[in-house]
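Student: Hi! Could you walk me through this one with me asking questions as we go?
Tutor: Happy to, have a look first and then ask away.

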Amino acid sequence: MKTLHLKETAEDIKKAAEIIKKGGLVAFPTETVYGLGANGLDAKAAAGIYKAKGRPSDNPMILHISELSELQEITDHISDNAIKMAEAFWPGPLTMIFQRNDKVPDVTTGGLDTVGVRMPSDPTARALIKESGVPIAAPSANLSGKPSPTKASHVAHDMDGRIDAIIYGGDCAVGIESTVVSVKDDEIVILRPGKITAADMEAVTGLKVSVDPAIALDKDEKGKGSSDNDDKDFKPMAPGMKYRHYAPDAEMLVIEGEADKVKAEIEKRKKDLESEGKKVGVIFFGTKDFDEAAHDLFARLREMDEQQVDVILAGAVEKTGLGYAVMNRMLKSAGNNVIKV
Ligand code: TXA
Ligand code: MG
């Protein structure tokens, strides 16, 4: 299949929308990461996404809408708290889980009776959804298991020849995927941390916000973080969180601790590894600017694959605010290979 490379022009967005309407696959920019979109109400089209990504079919997809009114086409149950959340954070990097109605096919939700919905803020994403006239099912536009794409070139690397078109936009502003939440009457549960933090949601709703215990970063003292794939009892509320994700080709080690100590440990290990003839890549954000860390993490991982490094040494960031989401991704990338200094 020849993959069309499109621009963010009205004319090209129209072309992309025609492809979506006909059941095809189009990758497009969003403010979080690039998405791989298809008509989310068309079972055949949605099935094509799993195939192109090599994605397990029990991992549900997010439906993307461009206006709040489109939510009613997907679900019959919209709570007051959900409305409050939508008013505060949509359009933006937040996905909420709803009971789905029977217009939403099984393939889109991986067989679940719930559906994740997000209204992206990226103007190209919104124009594409609007022009297509359907909710667009879109996981991140990477091959399953690889770091999510934050540049169009990442998408082309993974998806050229496998999908109908790629809309070339700029770099994604946030750089990690949306916060996924289940909104209940008296509580909000985070199924995947992201740019919208627990504190942001508490401030707006007055509700208690907790993290799905299965993915909590501090659940054990042995230095194992979240998403231990070997644990048979590991059942996160978001099915996607159980898979090894964002994995670079290189072996990766996360080093946690006070910044100076982490820096020294990285230098020492780098020297040792290099003396063994290994090529070493270092990720050390070194600031409390979590926005920068989120923006750069996946791109850095992909760069290191390109440079064919053997080992990546990554300094942990603080697990507060957006740093929590960054650490969720970093630990997954490393397959929970982490030490404390
Ligand atoms: O920022 C994002 O959310 C990006 C852009 C493209 O919008 N999309 C994205 O999709 O990250 P994906 O498929 O890579 O991740 C969706 C996550 C998975 O962990 C999935 O298991 C979870 O959301 N999810 C989707 N629907 C769900 C549902 N009904 N119940 C629980 N978890 C769900
Ligand atoms: Mg993904």
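Student: Which residue in E7 stands opposite Asn 39?
Tutor: Opposite Asn 39 you find Ile 136 of E7. Before we go on, this is a predicted model, where local features need pLDDT of at least 70 and side-chain atom pairs count only at pLDDT 80 or more, while totals for chains, interfaces and linings use all residues. Residues are numbered from 1 along each chain as its sequence is written, and chains are lettered from A and ligands numbered from 1 in the order in which they are written.

Student: In which sense do E3 and E7 pair?
Tutor: Strand E3 (residues 35-39) and strand E7 (residues 136-137) pair in the antiparallel sense, over two bridges. Strands (E, at least two residues) and helices (H or I, at least four) are DSSP runs numbered from the N terminus, and two strands pair if DSSP finds at least two bridges between them.

Student: And which strands does helix H2 touch?
Tutor: Helix H2 (residues 43-53) packs on the sheet, touching E3 and E7, and its direction makes about 150° with that of E3. For contact, the C-beta atoms of two residues, placed from the backbone, must lie within 7 Å. Axes are lines fitted to C-alpha atoms, for helices over the stretch in contact, and angles run from 0 to 180 degrees between N-to-C directions.

Student: What's the order of the open sheet of 11 strands?
Tutor: The order is E1-E8-E2-E3-E7-E4-E6-E5-E9-E10-E11, with mixed pairing. At the edges stand strand E1 (4-6) and strand E11 (208-211); each has a single partner strand, so one side of each is left without a neighbour in the sheet.

Student: Why is E5 largely enclosed?
Tutor: Because five of the six residues of strand E5 (residues 94-99) are buried, E5 is largely enclosed by the rest of the structure. Buried has a cut-off: 20 or more other C-beta atoms within 10 Å of the residue's own, whereas 12 or fewer is exposed and anything in between is partly exposed, with C-beta atoms placed from the backbone.

Student: How does E5 pair with E9?
Tutor: E5 and strand E9 (residues 179-183) pair in the parallel sense over four bridges, with Ile 97 standing opposite Ser 182. With strand E6 (residues 114-118), E5 pairs in the antiparallel sense over five bridges, and there Gln 99 has Thr 114 as its bridge partner.

Student: Back to Ser 182, is it buried or partly exposed?
Tutor: Ser 182 is partly exposed, with 17 other C-beta atoms within 10 Å. Leaving aside neighbours within four places in sequence, Ser 182 is in contact with Ile 97, Val 189, Leu 191 and Met 237.

Student: New topic! Where is Pro 91?
Tutor: Pro 91 sits in the loop between helix H3 (80-89) and E5. The peptide bond leading from Trp 90 to Pro 91 is cis, with omega near -10°.

Student: What is phi of Tyr 246?
Tutor: It is near 55°, a positive value in a residue other than glycine. Tyr 246 lies in the loop between E11 and strand E12 (251-256), and Tyr 246 is buried, with 26 other C-beta atoms within 10 Å.

Student: What about phi of Asn 336?
Tutor: Asn 336 has a positive phi near 60°, again in a residue other than glycine.

Student: Which order has the open sheet of four strands?
Tutor: That one goes E13-E14-E12-E15, with parallel pairing. Strand E13 (280-283) and strand E15 (338-340) are at its edges with a single partner strand each, so one side of each is left without a neighbour in the sheet. The twist averages 20° from one strand to the next.

Student: Last one: which domains does the domain assignment give?
Tutor: The assignment gives domain 1 (4-167) and domain 2 (251-340); such bounds come from an automatic or database domain assignment. Taken over C-alpha atoms, the centres of domain 1 and domain 2 are 30 Å apart. Five residues of domain 1 are in contact with five residues of domain 2.
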